Amino acid sequence: MSTATQTKSLNVGDTAPDFTLKTIGLKEISLKDFRGKNVVLLFYPLDWTPG
Amino acid sequence: MPAFDKRVGDFEAANTQVLGISTDSPFSHENWAKAVGISRYPLLSDVQRSVVKDYGVYWPDWNANVRATFIVDKQGKVRFTERYGKGELPQPDKILVEVKKLG
């Protein structure tokens, strides 16, 4: 897929890039914290949008 | 995504963590989560837009990200991706089926 919205694409079979981000309460959460579990990443556009 | 919040127990039973990500601040997340009833999974803040760019979901028009779901397996590999158009939302039932395929 190549659309104007994409800077690069991440596809099935690729290693998921690790990240460390803050959540509510400013606690930090990293993707690698969940190694050994499956992880569902739900990217949503902005708070207050549907869903 | 309140629809996923209600189903967190089903995902946990399938050894799966649910994470929400947008470019909003943790303070915005806190207000939104309280307003719509999200309390069972974390909402993460990519205020630098670095993660949304790494995952190829950055949306320059809004300096935000498009709606998309990725499933990452126990070894850290991407096993499923789905992008959504206007008015489309991820369906917990469908995502749960995909997760269960991974065991």
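Which residues of helix α3 (residues 26-36) of chain B are buried? Before selecting anything, note that this is a predicted model, in which local features need pLDDT of at least 70, side-chain atom pairs count only at pLDDT 80 or more, and totals for chains, interfaces and linings use all residues. Residues are numbered from 1 along each chain as its sequence is written, while chains are lettered from A and ligands numbered from 1 in the order in which they are written.

**Helix α3 of chain B**

Select B:H29, B:W32 and B:A33, which are the buried residues of this helix; buried stands for 20 or more other C-beta atoms within 10 Å of the residue's own, exposed for 12 or fewer, and partly exposed for anything in between, with C-beta atoms placed from the backbone. Helices (H or I, at least four residues) and strands (E, at least two) are DSSP runs, numbered from the N terminus. Looking down the axis of α3(B), you will find its buried residues within an arc of 100°, so they line one face of the helix; the arc is that of the directions from the helix axis to the C-beta atoms. These buried residues pack against β2 (43-45) of chain B, whereas the face turned away from them carries the exposed B:F27, B:K34 and B:A35. Just past the helix, stop at B:G37, where phi is positive, about 85°.

**Strand β3 of chain A**

Centre on A:V39, which counts as buried because it has 22 C-beta neighbours inside 10 Å.

Then show chain B beside this strand: β3(A) pairs with strand β1 (residues 16-22) of chain B in the parallel sense over six bridges, and with strand β5 (residues 68-72) of chain B in the antiparallel sense over five bridges, where pairing requires at least two DSSP bridges between the strands. In β1(B), A:V39 has B:Q17 as its bridge partner, and in β5(B), A:F43 stands opposite B:A68.

**The nonpolar core**

Finally, colour the largest nonpolar core, which has 37 residues; such a core is a set of buried Ala, Val, Leu, Ile, Met, Phe, Trp, Tyr and Cys residues joined through C-beta atoms within 7 Å. β3(A) gives the most to this core, with five residues.

How values were computed: Two residues are in contact if their C-beta atoms, placed from the backbone, lie within 7 Å.
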